[in-house]
Amino acid sequence: NSIPQISYASTAPELSDDRRYDFFSRVVPPDSFQAQAMVDIIRALGWTYISTIASEGSYGEKGVEAFTQLSKEAGGICIAQSLKIPHNPKLEDYDKAIAQLLETQNSRAVVIFASEEDIRGVLNATKRANQVGHFLWIGSDSWGAKSSPIHQLEDVAVGAVTILPKRSSIEGFDEYFTALTLENNRRNVWFAEFWEENFDCRLLSASKREDTSRKCTGQERIGIDSKYEQEGKVQFVIDAVYAMAHALHNMQRELCPDHPGVCPQMDSAEGKTLLKYIRNTSFNGSAGTSVVFNKNGDAPGRYDLFQFQMTNSSIPEYKVVGQWVETLQLRLEELQWPDGEQEVPISVCSLPCKTGERKKRVKGMPCCWHCELCDGYQYQYDETSCRLCAYNMRPNPNRTACQPIPIVKLEWHSPWAIIPVFLAMLGIIATIFVMATFVRYNDTPIVRASGRELSYVLLTGIFLCYIITFIMIAKPDVAVCAFRRIFLGLGMCISYAALLTKTNRIYRIFEQGKQTVTAPRFISPTSQIAITSSLICVQLLGVLVWFAVDPPNTIVDYDEQKTINPKLARGVLKCDITDLQIICSLGYSILLMVTCTIYAIKTRDVPEDFNEAKPIGFTMYTTCIVWLAFIPDFLWHGPLYIQTTTLTISMNLSASVALGMLYMPKVYIIIFHPELNVQKRKRSFKAVVTAATMSSRLSQKPNERPNGEAKTELCENPAADPMSK
């Protein structure tokens, strides 16, 4: 009533049929808004792998095109398949479409822009393929809340989410439309065709229907003799007419302010001018909502969101679950899904990778990937890449970060430590016992004949060889590392320096005795101690140089126990001493040992009762065998605990050999046969050497006497050793 009663029918600018259709479609929310609503729904449900089905034609193809474009812009949504239902489809066309959809099993969500007939065809094909409940349908407004597309296919449609433009039932329209008859609506040239379709009958005059023989009587009534439901777009048709009327009215007022009706300026206006007035129109529509157009000439998008659900009465029906008015408002808690699923079903190309796995994307499909475990010492840096942990780190259990590699050392309770410690304790007890025995019987002939001063020096070296076991197993720190450097070779050096001095003295005595009876120089106890001390000082001097060049320190070796499995990786706390440095530290002692062995070989013909020559020889032979077995095993570069155990056991064995062969026989005589620990008779150095020389010469005649059997009573008593004086 607010629009002046002016006839524009013959004078308004002409719009082509396409322009008229376009104008009506602008009043109805366009496909872009509908597609945007679908994209928002899919993202809200967490679906990323989608298929589409479209009816061939403007509606379906443009809808899918808009959806595809918007999904690309939004990101995170991939189109698995985009299928098209042809015009006049056959049954096998629908079956083929479903078969194609099943080729991408993970793409359960299907966006469908199709006519009612095609929707029914697709649902029927789904049922024939026995895939009820597999697909998750997202229906456009052609599906909306209609019952006809899903009639007798309700089980296939359960869970479908559909959208429909917000609309209201126009009051009075139902009364008007149901009252229309063939008699009172002759002005509508398509009404007769509608009548035949609605009542499934044929009119006698120029009927085009051939699929029925029933004749129309003209007495049928809409809503009584046929099913009637107000078309959802009635509101928009009315609003479109009013939008045109308002635009013409505004155009007339502006171009013809003083002229009633159409003026020449309005008469000559082009369609573009009228379109400008249409886009600037705004008014309250038939449903009470405002009708406006945006810069693109589109009416605002307002949609209701429905889901086809099973109700408490087990009768499925559409339920409003949200709305879309430029933004999505979806009530997720009200959604129901096929087969009674409580959680939102998934429709993704690839499941999320587990923690510690990276995504290896499939080329051309950003939503598809393969999961690859970050193996070895790698951790998951981000969702697509792994990085290597630092050398002193390893990945945590779920491989999301790095954590320090545990640091270990040789523990006292380890079997690799218990065995050498046990041997060392036995050796220390035995050494203390021998030393105590020698101190207790210090002035007895056997102790004096052994060379008391060098005996105590040798016992000290043996004691240190046992003590080094505890230093080698102790937790490394600067002090422990310093003691290791000092005592590692010191005990052996003291022991072999004393033995070398003894064997050298014996050798010189008997070598010179072959030529003269004059005693060689430097065979007194003081001289022997001085020679031994000078040999020991060489070792200490080397250690001092070592301290100056490379101060003692601790390190953590992460390479030794860096296993393939990071869970088993360990860092080994050790002193900053290389294998080469250990060999060098022991090298001087080994040199003394070899030299002593050479002298032991040279003095092998000395009478066996004279000044320990034979026991020293056996000691050195055995020690050489022990160290020949140790060196290859040590250079094998095995784990630290094996090297440490091998080294300490070798030193314990060396000390035990010397202790057992050189001192145990004497202790046995001192304790259990004291009657033998007496001085029979004293001899001068000249007599001793003469007798020993004669014995040596006699022992060189193998046909007469075996080696070592030539004895004289002058040599029977160990007290004959000049060192005992």
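A: What follows starts at the pocket and then moves on to helices, loops and strands.

Keep in mind that this is a predicted model.

The largest pocket holds about 1,500 Å³ of space. Its lining is made of 35 residues, and the closest to its centre are F177, F194, E229, Q230 and E231. By type, the lining divides into 17 nonpolar, eight polar and ten charged residues.

Where does the largest pocket lie? Domain 1 (5-165) gives residues to the lining, and so does domain 2 (171-206 + 217-229), so the pocket lies between them. Several elements take part. Strand β5 (161-165) supplies at least two residues of the lining, and so does each of the helices α7 (173-178), α8 (191-199) and α9 (234-255).

Now follow one of those elements onward. The loop between α8 and α9 holds D200. Phi of D200 is positive, near 50 degrees, and D200 is not a glycine. Most residues other than glycine have a negative phi. D200 counts as partly exposed because its relative accessibility is 41%.

N130 sits in the loop between α5 (116-128) and β4 (136-139). Is N130 buried or exposed? Its relative accessibility is 67%, so N130 counts as exposed.

Another loop residue is Q152. Q152 is placed between β4 and α6 (154-157). Its relative accessible area is 59%, so Q152 is exposed. Q152 and R120 are 32 residues apart in sequence, yet their C-alpha atoms are 9.7 Å apart in space.

Next, look at helix α3, which covers residues 58-74. The buried residues of α3 are G60, G63, V64, A66, F67, T68, L70 and S71. Here is a rule to hold against that list. An α-helix has 3.6 residues a turn, so residues three or four places apart point the same way. After α3 comes G75, with a positive phi near 80 degrees.

Strand β2 (residues 78-85) contains C78. C78 has 4% relative accessibility, and under 20% means buried, so C78 counts as buried. C78 and S107 are 29 residues apart in sequence. In space, their C-alpha atoms are 9.6 Å apart.

The unreviewed UniProt entry gives the annotation "transmembrane region" to residues 416-442, 454-474, 486-507, 580-601, 613-631 and 651-673. How do two of these spans look in the model? Residues 416-442 are 93% helix and 0% strand. The end C-alpha atoms of that span are 39 Å apart. Residues 580-601 are 100% helix and 0% strand. Here the end C-alpha atoms lie 30 Å apart.

In the model, L454 lies in helix α14 (residues 452-473). L454 counts as buried because its relative accessibility is 3%. L454 and T532 are 78 residues apart in sequence, but 8.3 Å apart in space, C-alpha to C-alpha.

The last stop is helix α19 (residues 640-662). This helix has 23 residues. From its first C-alpha to its last, α19 reaches 33 Å, close to the 33 Å expected at 1.5 Å a residue. How many residues of α19 are buried? The count is 17 of the 23, so α19 is largely enclosed by the rest of the structure.

Key: Residues numbered from 1 in each chain as written. Predicted model: local features only at pLDDT ≥ 70, side-chain atom pairs only at ≥ 80, totals over all residues. Heavy atoms only, no water. UniProt positions renumbered as here; feature names shortened; annotations may be inferred. Helix = DSSP H or I, 4+ residues; strand = E, 2+ residues; numbered from the N terminus. 1 Å grid on protein atoms, 1.4 Å probe; cavity = no way out; pocket = protein on both sides within 12 Å on 5 of 7 lines; lining within 4 Å. Points joined across faces, edges and corners; volume = space filled by probe spheres on them. Nonpolar A, V, L, I, M, F, W, Y, C, P; charged D, E, K, R; others polar. Domains from an automatic or database assignment. Expected span 1.5 Å × (residues − 1). Buried < 20%, exposed > 50% of the residue type's maximum accessible area, 1.4 Å probe, protein only.
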